[in-house]
Amino acid sequence: MNRELLLNFAIGLGLPLVAGVALLLDEPFVVTLATRIAILGLAGVGLNLALGLGGLVSFGHAVFFGIGGYAVGVLASHAQLYTPIMTWPIEISGSSSMPVIWLVAIVASALAGLLIGAISLRTSGVYFIMITLAFGQMAYYFAISWPAYGGEDGLSIYVRNSFPRLKLLVPFDFFVVAYCVLLCAILLFSRVAISPFGLALNATRQNLARVQSVGIETYRLQLTAFVLSAVITGLAGALYADLNRYVSPSMLSWTISGEIMIFVILGGVGRTWGPVLGAAVFVILEQWLGGVSEYWQIFLGVILLAVVLFARGGLYGMIAGEARHHG
């Protein structure tokens, strides 16, 4: 068993182990931290599919994260107030059912990913980065100017949404849901990475012109990856809004896109569990250094700089060595 596989097991089993021990010790705050790591890691897995496999450096993934959050906020607020979202041409009511909200978040994120990807992928390099950033800022300012759902003040979710057979107000139950969704995303990423689609996508990252020369339509390939990436990130946004019971335009801010990219780069670009490791380091530093100084991001910046310069392949590469394959 190689070091990478051992590290995969360590991270995969370590997170529920920490949550379980915290439950036994009656430390709900630690369980919530583990839940936050799982959700942010999920968002990182979404970006990693586009960045790690396809080489698509997107600074607009906060759009999908925020769309997932607002799917929760809008549906839950209408369910709590017993008012329909729309009455014409058909009546659509709100919902407090998590699976229903997830479905809406997935569809909305997929449509947004299709629109943004279809336009952005007609460019490449720095132009692609700037267009995705522009879409992110457009969505951010739209949310600020959306008074029906709180505008700049955001929207509170008074009661956490429901999931069959679980009491999600109990921190450990909510962790179980978030962790199971993370495992599904990890499984999807690992299957995509070794599939013909994933191998072709990885080839476009390495040499786009060569892939095109053998007759593969790279635009459709990259667009499919971008939409899948958007869906996973949108699902993370839905879970994050339910965790905090609050959604605001800040979820759509470019800083969120930057943080998601930090998870991927810090943990290891293209590594299956890399974003989860990156998210764990980020959350731990935030809790540890945040109590020391409000400028704790300076220390994060130093660590990130050191990782980029000296740890090839991120923390994953530093611990497990250079990747032989994605997974």
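## The cavity and its lining

A helix here is a DSSP run of H or I with at least four residues, and helices are numbered from the N terminus. With that in hand, let's look inside this model, which is a predicted one. A search of the whole structure turns up one cavity of 30 Å³ or more. The largest cavity has a volume of about 30 Å³.

Which residues line the largest cavity? They are Leu-40, Phe-65, Ile-256, Glu-259, Ile-260 and Phe-263. Helix α10, which covers residues 254–267, gives the most to this lining, with four residues.

## A buried glycine

Is Gly-278 buried or exposed? Gly-278 counts as buried, because its relative accessibility is 0% and the cut-off for buried is under 20%.

Met-261 is 17 residues away from Gly-278 along the sequence, and the C-alpha atoms of the two are separated by 9.5 Å.

## Two cysteines, no disulfide

How many disulfides does the model have? The count comes to zero. Take Cys-180: the nearest cysteine sulfur belongs to Cys-184 and sits 6.9 Å away. A disulfide needs two cysteine sulfur atoms within 2.5 Å, so Cys-180 is in no disulfide. Cys-184 is in no disulfide either, its nearest cysteine sulfur being that of Cys-180, 6.9 Å away.

The surface labels for these two cysteines are worth a look. Cys-180 is partly exposed, with a relative accessible area of 41%, while Cys-184 is exposed, at 54%.

## A nonpolar patch on the surface

Now for the outside. Leu-17, Val-21, Leu-24 and Leu-25 form a nonpolar patch on the surface, and together they have about 450 Å² of accessible area. One of them, Leu-17, belongs to helix α1, which spans residues 3–24. Leu-17 counts as exposed because its relative accessibility is 57%, and exposed means over 50%.

Most residues other than glycine have a negative phi, and most peptide bonds are trans. Against that background, a few spots stand out. Trp-88 and Pro-89 are joined by a cis peptide bond, with omega at about 0°. Pro-89 has its place in the loop between α3 (62–81) and α4 (98–120).

Then there are the positive phi values. Asp-26 is a residue other than glycine, yet its phi is positive, near 55°. Asp-26 lies in the loop between α1 and α2 (28–53), and it is exposed, with a relative accessible area of 61%. Arg-245, also a residue other than glycine, has a positive phi near 55°. Arg-245 lies in the loop between α9 (218–244) and β2 (246–247), and it is partly exposed, with a relative accessible area of 33%.

## A tyrosine in a loop

Where is Tyr-158 found? Look in the loop between β1 (155–156) and α6 (171–194). Tyr-158 is exposed, with a relative accessible area of 64%.

Tyr-158 and Tyr-246 are 88 residues apart in sequence, and their C-alpha atoms are 8.3 Å apart in space.

How values were computed
Residues are numbered from 1 along each chain as its sequence is written. This is a predicted model: local features need pLDDT of at least 70, side-chain atom pairs count only at pLDDT 80 or more; totals for chains, interfaces and linings use all residues. Side-chain values use heavy atoms; hydrogens and water are left out. Buried means under 20% relative accessible area, exposed over 50%, partly exposed in between (1.4 Å probe, protein chains only). Patches are made of residues with over 30% relative accessible area and no salt bridge: like charges are joined within 9 Å, nonpolar side chains (Val, Leu, Ile, Met, Phe, Trp, Tyr) within 5 Å. Accessible areas come from the Shrake-Rupley method with a 1.4 Å probe; for residues, only the protein chains shown count as cover. A salt bridge is a side-chain nitrogen of Lys or Arg within 4 Å of a carboxyl oxygen of Asp or Glu. Helices (H or I, at least four residues) and strands (E, at least two) are DSSP runs, numbered from the N terminus. On a 1 Å grid over the protein atoms alone, a cavity is a set of points where a 1.4 Å probe fits but cannot get out, and a pocket is an open set with protein on both sides within 12 Å along at least five of seven lines; lining residues have an atom within 4 Å of a point. Grid points are joined across faces, edges and corners, and a volume is the space filled by probe spheres set on the points.
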